[in-house]
Amino acid sequence: MKLIVAGSTGFVATEIIRQSLSNPSITSIVALGRKPAPTPVASTLLPNADLSKLKSVTLDNFDTTDYPDNVKSELANADACIWTIAITPSQLKSTPWETTVKVCRDYAVNGIKAISSLTEKKPFRFVYISGSNAVRDPAKKPLLLGDYCVLRGEAENQILEFAKNSGGKVEVAIAKPGIISGPTKETGALAKVFFGIIGIGKVRVGQIAGALVEGVTKGFEKETYENADLVRIGGKVAAAKE
Ligand SMILES: NC(=O)c1ccc[n+]([C@@H]2O[C@H](COP(=O)([O-])OP(=O)(O)OC[C@H]3O[C@@H](n4cnc5c(N)ncnc54)[C@H](OP(=O)(O)O)[C@@H]3O)[C@@H](O)[C@H]2O)c1
């Protein structure tokens, strides 16, 4: 199968690509981003990694559903896409709010429309990585990062609505992780206590990547993957590999 990983320079995307390189069900990986994806470091590769499956594709402007022809041809006929492009909470202060809206919501909605229109595959599977505190009902706006959580929930709604109206062609899963940690990004002790107090879960980057790769290759277990689902499925996938 052909998998597109959008936001390919990012923390989660890098692990998704690393696991996909060794997954025999995935025969082609398109790493899509505004910058070229870094070449995977040999020492971090998993057994049987096949680098010849990986192609890096850059797109200057995600603010459209009409991608340039050269990008369209690289994205054509995909079976699935995992969308990781976002402004994360730590970047909110340095990013104008209008940019955050575009990147977190409009780019993803454009992406599902553009990429699904380029494939005959049915189902075409699309994952949008959101966050555990995102709310689909603005009336439930949380106190912490309220507008951001409502924005991410709006994106979830629009993506789910698009799939619902696709006549069964597009299947969507929304992933709602808590704090994601990994070898290159450990959560500090104080932050762990704080997130514990406010009830935000934790997931390892290997677990979220494993759960989402499993979903796009074998079919989604559910429409919404809460943090606990990502930990459970990701843990099962890792155990099966050992
Ligand atoms: N990390 C966490 O703890 C955590 C927790 C909960 C949810 N999440 C969600 O998980 C997803 C992935 O997070 P991550 O930690 O992997 O984020 P990340 O490392 O910051 O990666 C974000 C990706 O988005 C791209 N991007 C940002 N602004 C862009 C723009 N204007 N145009 C095109 N691409 C742009 C970045 O590209 P450049 O490299 O070119 O900037 C990068 O590839 C996000 O939806 C995030 O909200 C993360």
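Q: Which residues does glutamine 19 touch, not counting residues up to four places away in sequence?
A: This is a predicted model, where local features need pLDDT of at least 70 and side-chain atom pairs count only at pLDDT 80 or more, while totals for chains, interfaces and linings use all residues. Residues are numbered from 1 along each chain as its sequence is written, and side-chain values use heavy atoms, without hydrogens and water. Glutamine 19 lies in helix 1 (residues 11-21); helices (H or I, at least four residues) and strands (E, at least two) are DSSP runs numbered from the N terminus. With contact meaning heavy atoms within 4.5 Å, glutamine 19 touches Leu46, Gly206, Ala209, Gly210 and Lys241.

Q: Is glutamine 19 buried or exposed?
A: Buried means under 20% relative accessible area, exposed over 50%, and partly exposed in between, with a 1.4 Å probe and protein chains only. The relative accessible area of glutamine 19 is 9%, so this residue is buried.

Q: Which residues of helix 7 make the contact with helix 6?
A: From helix 6, the contact uses Gln207, Ile208, Gly210, Ala211, Leu212 and Glu214. On the helix 7 side, the residues are Leu230, Val231, Ile233, Gly234, Gly235 and Val237.

Q: Which peptide bond is cis, with omega near 5°?
A: Most residues other than glycine have a negative phi, and most peptide bonds are trans. Proline 123 sits in the loop between helix 3 (97-116) and strand 5 (124-129). The cis bond runs from lysine 122 to proline 123.

Q: What is the phi of asparagine 48?
A: Asparagine 48 is in the loop between strand 2 (28-33) and strand 3 (54-58). At a relative accessible area of 70%, asparagine 48 is exposed. Asparagine 48 is not a glycine, yet its phi is positive, near 65°.

Q: What is the relative accessibility of leucine 145?
A: Leucine 145 is in the loop between strand 5 and helix 4 (146-164). Its phi is positive, about 55°, although the residue is not a glycine. Leucine 145 counts as partly exposed, because its relative accessibility is 38%.
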